[in-house]
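Here are some notes to read alongside the structure, written for someone meeting it for the first time. Take them in order, and keep the view open as you go.

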Amino acid sequence: MGDIKNSEYVIEMRNITKVFPGIIANDDITLKLKRGEIHALLGENGAGKSTLMSVLFGLYQPEKGEILKDGEVIKINNPNDANKYGIGMVHQHFKLVDVFSVLDNIILGVEPTRFGFLTKKEARKRVLELSKEYGLNVDPDAMVENITVGMQQRTEILKMLYRNNEILIFDEPTAVLTPQEIDELMEIMRGLAKEGKSILFITHKLNEIMAVADRCSVLRKGKYIGTVDIKDTTKEELSNMMVGRDVKFVVDKEDAKPEDVVLEVKKLCVKSHTHKKNVVNNVSFKVRRGEIVSIAGIDGNGQSELVHAITGLERIDSGTVELVGDDVTHKSIRYKNTHGMSHVPEDRHKHGLVLDYSLEQNIVLQRYFDKEFQSHGFIKFDAVRKYAEDLIEQYDVRSGQGPVTMARSMSGGNQQKAIIAREFDREHDLLIAVQPTRGLDVGAIEYIHKQIVKSRDNGVGVLLVSFELDEVMNLADRILVMYEGEIVGELDPKKTNAQEIGLYMAGAIKNNKAEGDKTNE
Amino acid sequence: MSKKTTPKKNIFDNAGARSAFASLIAILGGFLVGFIVLVLLALFNENIDFFDAVDGFFRILAGPFSAGNKDNILFQLGNMLFNSTPLLLTGLSVAIAFKTGLFNIGAPGQYLMGAMGTLIVAHSIPTTVVPPAIVWIIALLTGILCGAIWGAIPGFFKGVLGVNEVIVCIMTNWIAANIVSWVFKDSVFINVAETKMNFIKKTSANGVSTATFGLDKFFSGSSQYSRSYMDISIFIAIIIAIVIFIILNKTTFGYELKACGYNKNASKYAGMNEKRNIILSMAIAGGLAACGAALWVLNGNQDFKWEVYQSLPSDGFNGIPVALLANSNPIGVVFSSIFLRYINVGGSNLAAQTDFNEYVSQLIIAIIIYFAGFSRYIQEAMIRLRAGRKNKEKEGK
Ligand SMILES: Nc1ncnc2c1ncn2[C@@H]1O[C@H](COP(=O)(O)OP(=O)(O)OP(=O)(O)O)[C@@H](O)[C@H]1O
Ligand SMILES: [Mg+2]
């Protein structure tokens with residue numbers, strides 16, 4: 001590449017248009033990335049952010065428009081070309097080989113060889129250097145399937161750095177991270193920018209944009225709205241640009257009026273698959289109608305396993321679960337689903353959706369056998385269509401072809417909205433929601449939060465699991481903190497603060513009550 | 001996003017049409033390469049020249065219609081349709097497994113078990129006591145049941161124990177081959193005629209054979225002894241394909257089976273019994289393959305070779321290309337199975353009438369299958385083209 005850096009911009013995407021069946025995902029979008037800046041890309045779910053970045057990374061060919069690097073028009077036909085021009089991308093859903101080590105993943109495709117044999121020694125040295133230089137802590141020999149998402153992401157970043165990429169694309173990197181990991185990532189990004197790397201950063205979290213970005217471009221419904229300097233703007237202005245109206249960040253809600261118990265968990269234990277200790281150890285709690293109980297904690301402290309045990313996705317080793325007074329410990333998932341339990345799962349691709357089914361097929365995933373949707377074993381397609389259209393409209397699920405859109409082709413946030421619509425609309429007394437707003441835009445989050453509070457007010461008991469303290473503080477009527485598989489404290493959101501919860505989450509304090517329970521065994 | 005483009009309706013907006021079109025392209029590609037191969041063969045063989053290659057190519061293309069006179073054509077057509085039956089059903093067997101996320105490479109074993117069950121029943125119930133039609137039905141159902149059980153075994157290993165179905169299928173294939181050989185060895189079912197000791201008696205020996213409604217006569221050559229095997233089994237197979245299509249696409253049962261195939265975890269989350277569904281899928285697949293065998297032997301004029309411990313029936317394996325070419329669509333399987341037989345017949349005519357050998361037709365089929373592997377790619381290319389055109393239409397406005 002030429003050494004004349006004659007343009008102020010490293011990358012210019014001019015008048016990009018990308019069309020999918022039934023939808024113009026990018027409509028004449030122009031985006032300019034300055035050298036060494038962190039440029040945020042903001043927009044509602046389905047606004048076309050991932051698509052635009054995929055165009056830059058060579059995954060999609062735009063129908064119109066051109067891409068310039070250092071002021072010169074370039075053609076990016078595939079990710080290899082992108083790599084050649086120094087463009088790297090961390091995708092919304094990671095692309096690592098699970099059964100390979102971190103090091104192998106990093107060098108995959110650019111393996112150093114001598115006489116046709118791998119020479120990993122130098123590669124390892126280089127990876128370790130890079131990881132030290134940028135504070136990207138990884139274990140090069142660990143298998144990807146065994147490491148945390150945070151480390152997987154650092155692996156993805158190292159992959160880009162190892163290839164000497166200087167334009168780094170991050171597609172919603174923080175959606176899967178814990179608050180601590182997010183802080184680390186922000187630090188890393190600042191460091192990268194200081195070293196002269198230019199960063200494109202997609203996120204729905206305005207706080208993150210305010211914290212690290214230099215400029216921010218906003219897309220709405222496939223169109224370019226504008227670019228602003230972060231130092232001259234506010235969160236409110238950004239969200240207004242993005243959704244076209246003011247967004248409230250705090251949910252209005254009255255005090256909870258808890259009634260009878262809908263979920264009672266008693267001394268629940270789940271054994272770990274990998275080590276001897278229980279991942280869920282002797283957990284007991286109740287959720288009543290009309291209250292939102294939130295489980296807070298750092299990811300990996302047994303929250304997922306607890307929810308899986310309650311919902312039936314994982315085996316319970318001991319203890320009991322009661323749903324509206326009915327002992328469902330050993331009942332099937334179908335039974336629980338049809339007896340008052342709704343569940344927004346943590347992993348939308350693994351559990352939440354059949355990606356190769358259409359949106360409408362996914363909407364009736366737990367109801368296809370209802371009288372409403374079948375007779376004599378034959379699916380009533382009209383009824384399904386009608387129902388799906390209603391929900392799509394009500395929850396503003398956006399997609400190319402409406403009910404018949406393949407779930408796989410939908411934007412991440414809209415996939416989540418489809419799940420939310422399905423679970424909220426099913427008849428239920430108990431709503432278990434794990435990270436319900438992961439990957440949603442601020443407008444959608446506001447809407448979902450309102451819906452959760454509304455459910456509560458209508459007499460539903462809500463169990464909310466979230467790694468985001470803001471969400472927990474905002475919604476919960478009671479907070480249970482989980483640490484190493486145990487509930488270490490129960491807190492009243494009105495009487496506590498982030499610091500105190502943080503101490504519980506880190507295991508620095510434990511409630512006597514929780515300790516007392518343990519000795520009972 | 002937002003603005004809905006509403007250009008003219010185009011059939012390629014329909015996924016089914018796209019996949020049928022992709023299969024057609026695969027077939028054309030296969031023919032093209034096959035033709036090139038014929039020409040190359042002609043180059044290296046003194047007895048044949050370029051024009052022979054062209055001529056040979058058209059003989060293959062013409063299938064049974066290259067048989068010469070009208071009688072021969074009818075005769076070959078009849079046999080082609082009859083011989084398509086087992087292929088159609090094993091193709092269906094592999095297709096339904098594919099649709100539910102499983103690879104049923106166990107069709108040969110299920111086929112053998114089906115043939116065994118059917119033959120034993122067809123010969124054991126005396127038609128002097130029970131009407132032959134009833135025996136025919138019981139024999140068919142027994143065969144299907146044997147195959148279903150045989151298919152359920154890999155299903156059980158996969159669903160409950162998590163063992164890869166391909167490995168178990170391969171093992172059950174050979175176990176079936178040995179069981180069948182062992183059961184029939186020294187049994188009363190073996191044909192007593194000196195030259196036919198390798199075979200089981202034809203079911204017609206007990207008066208059991210599939211109804212023909214005169215189809216065998218209609219599809220026959222002029223001379224007396226060349227009456228084709230044609231009976232109603234191909235129509236039974238087509239009806240089964242339609243039923244499978246309806247089950248997969250219109251019923252809650254099919255919805256569940258496919259959901260489990262696409263995403264086991266999400267199916268579990270949704271409260272489906274994913275283990276049971278995997279076993280059921282494989283049982284149905286096994287039953288279908290076995291049904292193919294049952295209909296074949298019940299024709300009444302077929303010799304079933306019982307010493308199979310060293311060789312698995314090719315119709316079992318050929319279900320795989322049939323399903324692939326049809327993109328696992330049950331209706332598509334009807335066409336792809338008959339089509340592959342059609343090419344086979346053309347190939348044997350070519351071998352009989354010219355200096356080419358019949359392997360050429362096998363080669364062309366193999367190439368077509370290879371092209372069918374690109375079907376996904378072709379479909380995506382169509383989507384891309386289509387999207388581009390829509391965009392242009394929009395700009396035009
Ligand atoms: N491969 C595809 N095929 C068809 N349509 C697609 C495809 N990829 C994206 N789309 C459609 O294009 C639109 C834009 O999607 P995109 O993934 O770019 O949104 P996004 O801004 O990244 O949203 P999110 O914040 O939810 O991730 C969506 O409506 C989506 O349905
Ligand atoms: Mg996206």
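1. Chain B has an accessible surface of about 18000 Å², and 65% of that area belongs to carbon and sulfur atoms. Please keep in mind that this is a predicted model. For chain A the accessible surface comes to about 22000 Å², with 48% belonging to carbon and sulfur atoms.

2. Staying with chain B, the secondary structure consists of 15 helices and two strands. The C-alpha atoms of chain B fill a box of roughly 80 × 65 × 40 Å along the principal axes. A compact globule of 397 residues would have a radius of gyration near 21 Å, and the 23 Å of chain B agrees with that.

3. How much of chain B counts as buried? The share is 52% of its 397 residues. Contacts in chain B also reach across the sequence: of those with a separation of 6 or more, 76% are between residues 24 or more positions apart.

4. In chain A, 70 side chains are positive and 81 are negative, with the centres of the two sets 2 Å apart.

5. Now find helix α9 of chain B, residues 252–262. Eight of its 11 residues are buried, so this helix is largely enclosed by the rest of the structure. The buried residues of α9(B) are T252(B), G254(B), Y255(B), E256(B), L257(B), K258(B), A259(B) and C260(B).

6. Is F304(B) buried or exposed? Its relative accessibility is 6%, and because buried means under 20%, F304(B) counts as buried. Leaving aside residues up to four places away in sequence, F304(B) touches L112(B), A115(B), L119(B), V180(B), F184(B), N198(B), F199(B), I200(B), W296(B) and V297(B). As for L88(B), it is 216 residues from F304(B) along the chain, and the C-alpha atoms of the two are separated by 19 Å.

7. Turning to chain A, you will find 18 helices and 24 strands. Its radius of gyration is 24 Å, close to the 24 Å that the globule rule gives for 521 residues, so chain A is as compact as a globular protein of that length. The C-alpha atoms of chain A fill a box of roughly 75 × 55 × 50 Å along the principal axes.

8. Of the 521 residues in chain A, 57% count as buried. When contacts in chain A between residues at least 6 apart in sequence are considered, 68% join residues at least 24 apart.

9. Why is β11(A) described as largely enclosed by the rest of the structure? Five of its six residues are buried, and that is the reason. Strand β3 of chain A, residues 38–43, runs parallel to β11(A), and five bridges join the two. Within this pairing, G43(A) has L219(A) in β11(A) as its bridge partner.

10. β11(A) also pairs with strand β12 of chain A, residues 223–229, this time in the antiparallel sense over six bridges. Here S217(A) stands opposite T227(A) in β12(A). The two strands form a hairpin with two residues between them, and K221(A) in the turn has a positive phi of about 45°.

11. Elsewhere in chain A, look for an open sheet of four strands in the order β14-β13-β16-β17, with antiparallel pairing. Which strands stand at the edges? They are β14 (278–288) and β17 (326–327); each has a single partner strand, so one side of each is left without a neighbour in the sheet. Strand β13, residues 261–271, and strand β16, residues 318–323, pair in the antiparallel sense over five bridges. In that pairing C269(A) stands opposite S318(A) in β16(A).

12. A last stop in chain A is R154(A), in helix α5, residues 149–162. At 12% relative accessibility, R154(A) counts as buried. Leaving aside residues up to four places away in sequence, R154(A) touches L136(A), N137(A), V138(A), E184(A) and I188(A).

Methods:
Residues numbered from 1 in each chain as written. Chains lettered and ligands numbered in written order. Heavy atoms only, no water. Buried < 20%, exposed > 50% of the residue type's maximum accessible area, 1.4 Å probe, protein only. Contact = heavy atoms within 4.5 Å. Rg over C-alpha atoms; globule rule 2.2 N^0.38 Å. Areas by Shrake-Rupley, 256 points an atom, 1.4 Å probe, with all protein chains shown as cover. Pairing = 2+ DSSP bridges. Lys, Arg positive; Asp, Glu negative; His and termini not counted. Charge placed at Lys NZ, Arg CZ, Asp CG, Glu CD.
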